[in-house]
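Work through the exercises below with the sequence and the model at hand. Each task is followed by its solution in steps.

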Amino acid sequence: LDTLEKWVTEIFSEIPNNGLPKPSFGHLTQPFDTPEFHKLYRVVPIRKVHSLSITWALPPQEQYYRVKPLHYISWLVGHEGKGSVLSFLRKKFWALALYGGNGETGFEQNSTYSIFSISVTLTDEGYKHFYEVAHVVFQYLKMLQKRGPDKRIWEEIQKIEANEFHYQEQTDPVDYVESLCENMQLFQKEDFLTGDQLLFEYKPEV
């Protein structure tokens with residue numbers, strides 16, 4: 001560590017600090033509030049696959065990284081057990097897989113907006129019924145909205161993420177440093193190592 005500190009000091013200490021705050025584009029609200037984005041688009045893929053993607057542009061969520069509300073929603077949307085969206089669609093022979101979520105960085109999450117996407121891999125039969133598939137997804141989200149957040153589920157996700165964090169395999173040092181440098185731009189100092197993985201606070205209003 002002493003050697004690394006010496007190298008970092010030698011290489012980076014001459015870079016001037018201009019004292020400017022981190023840029024924010026939070027004043028640019030509702031970036032996708034345009035009729036062109038409220039439509040269904042059909043795209044012919046190169047490989048043979050049927051996929052339905054539904055995307056929402058939400059208010060920026062990066063400030064809630066200790067709560068991770070989108071992670072909570074994506075956990076429920078992507079659940080595959082009894083009573084899940086995918087379980088229902090599989091029984092209808094309409095879908096093979098379903099994924100929902102937000103990458104929590106870059107294009108998908110920044111100071112302007114947060115993207116939340118749900119992608120369903122459809123069967124040939126599911127492609128014929130893609131309107132019904134979309135309807136099921138919206139029905140499920142409406143149900144979650146009516147029921148509200150569940151602390152038991154949030155704590156279950158918290159425990160699973162904590163276990164994965166504590167027992168994760170060692171990553172390549174270069175990749176780890178790059179990840180930490182990115183975290184330093186996003187989180188409070190005490191959360192540099194954990195802010196992108198752990199859930200800290202249950203706030204149902206968020």
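**Exercise 1. Describe how helix α2 and helix α6 are placed to each other, and list the residues in contact.**

Step 1. Helix α2 covers residues 69-77 and helix α6 covers residues 151-166; helices are DSSP runs (H or I, at least four residues) and strands likewise (E, at least two), numbered from the N terminus.
Step 2. Their axes come within 11 Å and cross at roughly 95°. Axes are lines fitted to C-alpha atoms, for helices over the stretch in contact, and angles run from 0 to 180 degrees between N-to-C directions.
Step 3. From α2, the contact (heavy atoms within 4.5 Å) involves His71, Tyr72, Trp75 and Leu76. From α6 come Ile153, Trp154, Glu156, Ile157, Ile160 and Glu161.

The model is predicted: local features need pLDDT of at least 70, side-chain atom pairs count only at pLDDT 80 or more, and totals for chains, interfaces and linings use all residues. Residues are numbered from 1 along each chain as its sequence is written, and side-chain values use heavy atoms, with hydrogens and water left out.

**Exercise 2. How many aromatic pairs does the structure hold, and what is the geometry of the pair Trp56 and Phe138?**

Step 1. There are seven aromatic pairs (rings of Phe, Tyr and Trp, its six-membered ring, with centres within 6.5 Å; planes under 30 degrees apart are stacked, over 60 edge-to-face, the rest tilted).
Step 2. Trp56 and Phe138 are edge-to-face, at 5.6 Å centre to centre and 65° between the planes.
Step 3. Trp56 belongs to strand β1 (residues 50-58) and Phe138 to helix α5 (residues 130-147), so the pair ties together parts 82 residues apart in sequence.
Step 4. Trp56 is partly exposed at 23% relative accessibility, and Phe138 is partly exposed at 43% (buried is under 20% relative accessible area, exposed over 50%, partly exposed in between; 1.4 Å probe, protein chains only).
Step 5. Trp56 and Phe138 form one aromatic cluster with Phe116.

**Exercise 3. Is each of Phe107 and Tyr113 buried or exposed, and what is the geometry of their pair?**

Step 1. Phe107 and Tyr113 pair edge-to-face, 6.0 Å centre to centre with 70° between the planes.
Step 2. Phe107 is exposed, with a relative accessible area of 58%.
Step 3. Tyr113 is buried, with a relative accessible area of 9%.
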